[in-house]
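Please read it with the structure open beside you.

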Amino acid sequence: YNIVIKYSFQSISLCKVTPQQRAIPRSIGSITLFITQGLPSSTCAIYHPKGITHNKIIAKYSDKLIFQCHYMAEDFINETGVKPVSYEVIYNPVNTNKVDELGLIHTSKEFDFVAVGRLSPQKDYINLIKALKILKDANEEVPVIKILGEGEQREMLEKEIHCGGLEKNIIITGFTSNPYTFMKKADAIISTSLFEGFSNVIVEG
């Protein structure tokens, strides 16, 4: 029996899990996705009818589905109306020893909080910037936040930071190979995500 592992991320792309020939066995679909509840289709692709249809097909032609957490499995079943023949929850592994080791590497602490993740709509950094602007306008103490990440919204976010006069309070560092040294030294880790599947940042922090 030949095992073929397929991946699907938030139903943005449909994996070809259907048999291409009669001689090819059905494959085991490994799906790592998050189906949100209460969010409009403009925010999450899974609410698009095609997205739900894709997941129904994946469930039908897979011998087993793998989810990152129980919530994702429950959402998949609730939103598609399909209960997989077999599925399993396997959490993302975290090498805590390595995280602790990298966290000890020296970096100057010129910040209060840190946020880690792609500069994408899902992470909702725009509202983080607006929140700090409210503090500034109210003459309240404004913390310094480092955002570790890169993405398609960088130009827009930097423009919003500039317009709010928050250049000294919000610093977008771009991608860093070792976010743990910043995470370990921060007073707290900020998560502004509109939705997450299994939040590695929270676990690693």
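1. Start with Glu-158. It is partly exposed, with a relative accessible area of 37%. Here buried means under 20% relative accessible area, exposed over 50%, and partly exposed in between (1.4 Å probe, protein chains only). Keep in mind that this is a predicted model: local features need pLDDT of at least 70, side-chain atom pairs count only at pLDDT 80 or more, and totals for chains, interfaces and linings use all residues. Residues are numbered from 1 along each chain as its sequence is written, and side-chain values use heavy atoms, with hydrogens and water left out.

2. Which residue forms a salt bridge with Glu-158? The partner is Arg-154, and the closest N and O atoms are 2.9 Å apart. A salt bridge here is a side-chain nitrogen of Lys or Arg within 4 Å of a carboxyl oxygen of Asp or Glu. Both residues lie in helix α5, 4 residues apart, about one turn of the helix. Helices (H or I, at least four residues) and strands (E, at least two) are DSSP runs, numbered from the N terminus.

3. Arg-154 also meets Glu-150 in a salt bridge (2.6 Å, N to O). Arg-154 is partly exposed at 21% relative accessible area. Glu-150 is partly exposed too, at 40%.

4. The whole structure has 6 salt bridges. One of them joins Lys-184 and Asp-100, with the closest N and O atoms 3.5 Å apart. Lys-184 lies in helix α6 (residues 180-185) and Asp-100 in helix α3 (residues 96-103), so the pair ties together parts that are 84 residues apart in sequence. Lys-184 is partly exposed, at 37% relative accessible area. Asp-100 is partly exposed as well, at 42%.

5. Now look at helix α4 (residues 125-137). Its 13 residues should span 18 Å at 1.5 Å a residue, and its end C-alpha atoms are 19 Å apart, which agrees. The expected span is 1.5 Å times one less than the number of residues.

6. Which residues of α4 are buried? They are Tyr-125, Ile-126, Leu-128, Ile-129 and Leu-132. Seen down the axis of α4, they fall within an arc of 160 degrees, so they line one face of the helix. The arc is that of the directions from the helix axis to the C-beta atoms. On the other side of α4, Ile-134 and Asp-137 are exposed.

7. What do the buried residues of α4 pack against? They pack against β5 (113-116), β6 (145-148), α5 (154-163) and β7 (170-174), where contact means heavy atoms within 4.5 Å. Just after α4, Asn-139 takes a positive phi of about 60 degrees.

8. Strand β6 pairs with β5 in the parallel sense over 4 bridges. Val-114 has Lys-146 in β6 as its bridge partner. Strands β6 and β7 also pair in the parallel sense over 4 bridges. There, Ile-145 stands opposite Ile-170 in β7. Two strands count as paired if DSSP finds at least two bridges between them.

9. In a regular strand the side chains alternate between the two faces of the sheet. In β6, Ile-145 and Ile-147 are on one side and Lys-146 and Leu-148 on the other. All four are buried, and both faces of β6 are covered.

10. Finally, trace the crossovers. β5, α4 and β6 make a right-handed β-α-β unit. β6, α5 and β7 make a right-handed unit as well. Right-handed means that, with the strands pointing away from the viewer, the path from the first strand over the helix to the second runs clockwise.
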